[in-house]
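This report examines selected local features of the structure shown below.

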Amino acid sequence: MSKLDLQIENNFAAIAPASERMRAHLESLGAPAAAVFLADLVIEELVTNTIKYGYDDTNAHCVHVSVDFSDGTLTVEVRDDGHEFNPLSRESPDVTLPAEQRDIGGLGIHLVCQMSDDVRYERRDGWNVVIATKRFPEDQ
Amino acid sequence: MTPPMKIDERHEGGALVLKIEGRLDHDGARVFEECTSRAIAAGEKFLVADFGGVDFLASMGIRALIKPYQTLAQSGGRLVVANLGDSVREVFKIAGIDQAVPIFDSVEAAIASQA
């Protein structure tokens, strides 16, 4: 199976073990280091944002992540049942400002979008769904 | 389990070299922030962050880097980075940090830049 499904509880301590499982899975499939790095980044940025800002209650929630690497293409899907939020609707940060004037809000999703070939958002049956894909040619 | 990020500190050529091992993620960023805050409070003026052992960098790690960079820049100090891996370098580039924070190929070159 090239696809791994993970359920990450909405607390920060749950991210690292899930990321570790993802890395082991992708490495076992022979995915390139850059693909593992990108999957790591997608999970870290999106799940962190969801835990921080996604929920209007203090209940336990699970963020569902699926990671797939097949035919040289990485696909990471992140689903959460938080309030409706399209992270792609946020304005990109101004990365040309001098470091002294930086406000890094929105930088995480900016990194994910720039490093992926394609990032899509949809609201599906009460879930926010973000899907990031990138193709890694074999000669890389 | 991946061990948490750790930072070895050593003084070399007028710099405090911070050799980072591990992931500059949400948790790692906090460790880095505490380390640099402590160093700056102790009077360090020139920090060299050695990224040779950093295998992952997220936006929280960038933020943890910019804070001490800003603090030092305001007081006549410097923070520079050295030894970036390919993916980490790409994150620097996309975040535009490569245009702000000086990047060196080695710790030696970073230290020499202060002379």
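## Position of A:Arg123

In which strand of chain A is the place of A:Arg123? The residue lies in strand β4 of chain A, residues 118–124; helices (H or I, at least four residues) and strands (E, at least two) are DSSP runs numbered from the N terminus. A:Arg123 is partly exposed, at 33% relative accessibility (buried is under 20% relative accessible area, exposed over 50%, partly exposed in between, with a 1.4 Å probe and protein chains only).

## Basis of the model

This is a predicted model, in which local features need pLDDT of at least 70 and side-chain atom pairs count only at pLDDT 80 or more, while totals for chains, interfaces and linings use all residues. Residues are numbered from 1 along each chain as its sequence is written, chains are lettered from A and ligands numbered from 1 in the order in which they are written, and side-chain values use heavy atoms, with hydrogens and water left out.

The predictor assigns the complex an ipTM of 0.88 and a pTM of 0.90. Chain B has an average pLDDT of 94, with 97% of its residues scoring at least 70; pLDDT is the predictor's confidence in each residue, from 0 to 100.

## Surroundings of A:Arg123

Leaving aside residues up to four places away in sequence, A:Arg123 is in contact (heavy atoms within 4.5 Å) with A:Gly82, A:His83, A:Glu84 and A:Asn128. Its side chain reaches the backbone oxygen of A:Gly82 at 3.2 Å and forms a polar contact of 2.9 Å with the side chain of A:Asn128. A polar contact is a pair of N or O atoms within 3.5 Å; within protein, one must be able to donate a hydrogen and the other to accept it, and residues adjacent in sequence count only if both atoms are side-chain atoms.

## Helix α1 of chain B

Helix α1 of chain B (residues 26–41) has 16 residues and spans 23 Å from its first C-alpha to its last, close to the expected 22 Å, which is 1.5 Å times one less than the number of residues. At its start, a side-chain oxygen of B:Asp25 comes within 3.2 Å of the backbone nitrogen of B:Asp27. B:Gly43, with a positive phi near 100 degrees, follows the helix.

The buried residues of α1(B) include B:Phe32, B:Cys35 and B:Ala39. The buried set packs against α2 (33–53) of chain A, together with β1 (6–12), β2 (15–24), β3 (46–57) and α2 (59–74) of chain B.

## Cysteines

With a disulfide defined as a pair of cysteine sulfur atoms within 2.5 Å, the count over all chains is 0. A:Cys62 is partly exposed at 25% relative accessible area, and A:Cys113 is also partly exposed, at 29%.
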